[in-house]
Amino acid sequence: MAYSGTNKRRRTAADTLHISDLPIGFIVDVSAYLDKPSRAILALAFTSSSLWQNDNLMHQSSPITTAIVSASQWDILDFQDVEKELANKLTDDDINAILKCINARDVLKRIKLCGCVNITGIGLNPLRGSVVLEQIDLSLVGKYQIPYPPPKSKISEEAVVPILESIVSSVGCSLKCIQLNTNWTREWQRPYHLRDFKRRYNELFSTRRDMICSKCNLVIEGIDDWMQGNHNRKICYDCLAPICSDCNDYSRENVLNGGFCIQSCNTCDKTYCTDCVTSTICTNCLDTKCKECGEMEVCDECGEATCENCLNTCDGCNETRCDNCVSFLQCQGDNCGKGHCEDCYNGEEYDVKACGDCISTFCTDCNLDLIKTHGLECRACAPETVPLTLMLDDIAKHREEIARLRKDNEEMAKENEELREKLKRISL
């Protein structure tokens with residue numbers, strides 16, 4: 001009888017190899033090659049997740065978690081460094097755990113939540129009362145990414161504003177720069193508690209003694225409105241240097257000659273000082289665009305850098321020129337798009353014309369639409385042909401009504417004839 005046994009033995013749990021069996025020093029060295037958010041996530045993986053979700057539980061990190069966290073500085077946490085697919089999947093529990101793991105309340109100075117579209121903001125709770133945090137970016141977009149239209153996200157003012165208020169209210173607050181989600185900047189839908197926070201935030205700068213101008217080294221006092229729209233306009237997004245009004249020379253001569261100032265990029269909607277980011281400048285309106293966000297357009301006539309708002313293409317000669325080179329008449333009608341330079345105006349019916357009374361510009365088509373809808377307030381805007389055009393429109397409408405009535409009469413006559421025939425047959 002043949003022997004059917006085997007020398008293989010069943011593998012037990014003790015025989016299974018885990019990554020945690022590797023030397024701690026080796027794991028710490030490998031983690032150094034990861035970006036900081038990924039490094040924090042790796043550190044979390046070596047400690048039970050329940051320890052990070054319970055605020056009342058004393059955290060007992062594993063030796064590997066402690067070693068990874070201790071080997072790094074956690075002053076900056078930028079999620080732009082993370083793969084987009086991973087950032088999109090992170091939840092509030094994940095952000096909460098990361099911030100607790102690195103002791104963010106006491107060490108984190110900058111946090112940028114690029115791509116974290118799946119969070120409401122409640123996961124930022126570990127930052128409550130922080131006196132070391134200097135910058136928080138809630139726009140969810142990267143440094144040189146266009147924030148319009150804003151990314152679809154779950155981030156909530158109701159969740160975030162109380163956390164920001166706890167930071168601003170703390171004695172010794174260091175917060176200098178906030179980048180809000182662009183969904184929150186529309187006045188007609190902005191909740192009161194966000195408006196109130198921005199008012200308090202602006203007031204904070206008038207009382208702080210640590211706001212020292214990076215150019216003249218004097219304490220900046222008595223200045224409000226540091227935050228306008230969705231971000232700070234007097235602090236550089238990169239170096240966080242505050243600039244007083246005296247040193248922020250935004251005059252045309254200084255800007256065009258490359259002098260120092262704080263400038264807001266009209267593409268990425270962030271503010272930089274000229275020491276940190278080189279910008280191209282519209283020679284018409286002085287709007288700026290970061291070099292990383294692209295170059296300005298160029299006027300066909302003068303060749304100067306010009307933003308899209310100051311550059312126009314004529315429907316007549318097809319030349320693209322800036323406001324400095326030629327006067328341009330653009331129809332102000334909704335979704336019209338008609339426009340031409342003064343050189344191409346020939347007095348035709350559908351040319352755009354400027355009203356001498358109200359200084360508005362409309363083509364005849366848009367003028368007519370405004371009169372029909374009672375939206376034209378200036379009588380001088382109405383061209384001479386409009387009354388005749390309206391009369392012809394009324395005649396056309398009357399003709400349509402007469403035709404409809406004739407058709408109704410013909411149908412009624414036909415029905416009457418059918419009734420007469422039925423009565424004749426009944427009487428017989």
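Helices (H or I, at least four residues) and strands (E, at least two) are DSSP runs, numbered from the N terminus. By this rule, the protein chain has 12 helices and 18 strands. The model is predicted: local features need pLDDT of at least 70, side-chain atom pairs count only at pLDDT 80 or more, and totals for chains, interfaces and linings use all residues. Residues are numbered from 1 along each chain as its sequence is written, and side-chain values use heavy atoms, with hydrogens and water left out.

The protein chain holds 428 residues, and 42% of them count as buried (under 20% relative accessible area; exposed is over 50%, partly exposed in between; 1.4 Å probe, protein chains only). Contact means heavy atoms within 4.5 Å. Among contacts in the protein chain with a separation of 6 or more, 58% link residues 24 or more positions apart.

Helix α2 (residues 36–44) packs against helix α6 (residues 92–101). Their axes lie 10 Å apart, at an angle of about 90 degrees. Axes are lines fitted to C-alpha atoms, for helices over the stretch in contact, and angles run from 0 to 180 degrees between N-to-C directions. Angles of 65 to 115 degrees count as roughly perpendicular, under 35 as roughly parallel, over 145 as roughly antiparallel and the rest as oblique. The two helices, α2 and α6, are therefore roughly perpendicular to each other. On the α2 side, Ala40, Ile41, Ala43 and Leu44 take part; they meet Ala97, Ile98 and Cys101 in α6.

Helix α6 also contains Ile95. Ile95 is buried, because its relative accessibility is 2%. Leaving aside residues up to four places away in sequence, Ile95 touches Phe79, Leu90, Cys116, Ile119, Gly123 and Leu124. Ile95 and Asn125 are 30 residues apart in sequence, and their C-alpha atoms are 9.3 Å apart in space.

Two leucines have a positive phi: Leu140, at about 70 degrees, and Leu240, near 60 degrees. Leu140 sits in the loop between β3 (135–137) and α8 (157–168). Leu240 sits in the loop between β6 (231–232) and α10 (252–256). Leu140 is buried, with a relative accessible area of 3%. Leu240 is buried too, at 2%.
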